[in-house]
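Let's take a walk through a protein together. Have the sequence and the 3D view open, and follow along as we go.

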Amino acid sequence: NCILVDAPCSGEGMFRKTPHAQEEWSPENVRLCANRQREIIDQIWPSLKPGGILIYSTCTFNLDENEEQVKWIMDEFNAENLQLKTDLFQGVSPALDPRVSAARFFPHRSEGEGLFIAVLRKPDHHPGRIRSVKNQIKELDRKQWANASALLKANYWAFFEHRNQVFAVLQEMALVLARISHCLYPLHFGVP
C-alpha cells in the first residue's frame, strides 16, 4: 500500500504566491510544524503495511521540516529512503543533506512554488504496531461507580470515563471497548 503525507508546514515555499505566509513564518512556527509532522507520521506509520511506501512532502525549504524529518523516519521506524533520480528532470534539485534522497523544487529553478518530496519504504519484516493512544477510556473510581450504579443496574452495565464524562455500556461490551480503546480513538460509545 502507499500513504501520501502532504504535511502541514511553515509554508516557506508559498512566500511568493501567498504574501501572508511570510507574516505567519517564525522559528517557533517551524518547530511547531516539525513536531506536528512527527506526530502525524507516528500516527499513520502503523497503518502502512510491511513493504508499503510512504511519500512525504512539504511546501517549505528548511531542513528541520524536510531532510531532518526523513532522517527521523529512517531512525525511528527503520525505514528505507528510496533513491530519487532528480538529475533526470530539469529544474529539480536533490536533497540538501547527502544522507537523504529527496526532490526539491525551488521556484527559481522550476515552475511553481517550493516543494519537497521524499519516498520511504517500511521494512518487510516490520509489522504494524498497536500502540496506546492518548485519550483512552478510564475505569471509574469507587465514588463515581457508586453514583453511576445508583442510576443504572450495575450488573447490566459497565461504566467508563472518557473525556471527563461518564459512559455506560452493556456488560458484554465492556471488554471489547477496553481492548479497542488502547489502539483506537473511540468517538462515541455507550450511553453518556
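Which residue stands opposite E161 in β8? That's K138.

## Before we start

This is a predicted model, so a local feature has to reach a pLDDT of at least 70 and side-chain atom pairs count only at pLDDT 80 or more, while totals for chains, interfaces and linings use all residues. Residues are numbered from 1 along each chain as its sequence is written, and side-chain values use heavy atoms, with hydrogens and water left out.

(Helices, H or I with at least four residues, and strands, E with at least two, are DSSP runs numbered from the N terminus.) β8 belongs to an open sheet of 3 strands, in the order β7-β8-β9, with antiparallel pairing. The edge strands, β7 and β9, each pair on one side only. Two strands count as paired if DSSP finds at least two bridges between them. Strands of a sheet pair through backbone hydrogen bonds, either parallel or antiparallel.

On one side, β8 pairs with β7 (residues 138–139) over 2 bridges, and E139 has F160 as its bridge partner in β8. β8 is also joined to β9 (residues 165–170), by 6 bridges. There, W157 has L170 as its bridge partner in β9. β8 and β9 make a hairpin with 2 residues between them, and R163 in that turn has a positive phi of about 55 degrees.

## Covered on both faces

Is E161 buried or exposed? E161 is buried, with a relative accessible area of 13%. Here buried means under 20% relative accessible area, exposed means over 50%, and partly exposed is in between (1.4 Å probe, protein chains only). The side chain of E161 also has a polar contact of 3.5 Å with that of Q144. (A polar contact is a pair of N or O atoms within 3.5 Å; within protein, one must be able to donate a hydrogen and the other to accept it, and residues adjacent in sequence count only if both atoms are side-chain atoms.)

## Helix α2 and its cysteine

Now jump to helix α2, residues 27–44. Its 18 residues reach 26 Å from first C-alpha to last, close to the 26 Å expected at 1.5 Å a residue. (The expected span is 1.5 Å times one less than the number of residues.) The buried residues of α2 include V30, C33, A34 and I41, and the buried set packs against β1 (2–6), α1 (20–24), β2 (53–58) and α3 (67–77).

How many disulfides does the structure hold? The count is 0, where a disulfide is a pair of cysteine sulfur atoms within 2.5 Å. For C33, the nearest cysteine sulfur is that of C9, 6.4 Å away. C33 is buried, at 3% relative accessible area. C59 is partly exposed at 22%, and its sulfur is 3.3 Å from the closest cysteine sulfur, in C9, too far for a bond.

## Two nonpolar cores

In soluble globular proteins, nonpolar side chains tend to be buried together. The largest nonpolar core here has 19 residues, and V5, I41, W45 and L54 are among those with the most contacts inside it. (Such a core is a set of buried Ala, Val, Leu, Ile, Met, Phe, Trp, Tyr and Cys residues joined through side-chain atoms within 4.5 Å.) β1, β2, α3 and β6 (115–121) each supply at least two of its residues, and α3 gives the largest share, 4 residues. Apart from this core lies another of 8 residues, among them I137, F160, F167 and L177.

## Out in the loops

R99 sits in the loop between β4 (92–94) and β5 (103–105), and R99 is exposed at 57% relative accessible area. Leaving aside neighbours within four places in sequence, R99 is in contact (heavy atoms within 4.5 Å) with K71, M74 and N81.

Most residues other than glycine have a negative phi, and most peptide bonds are trans. N78, in the loop between α3 and β3 (80–81), has a positive phi near 55 degrees. N78 is partly exposed, at 46% relative accessible area.
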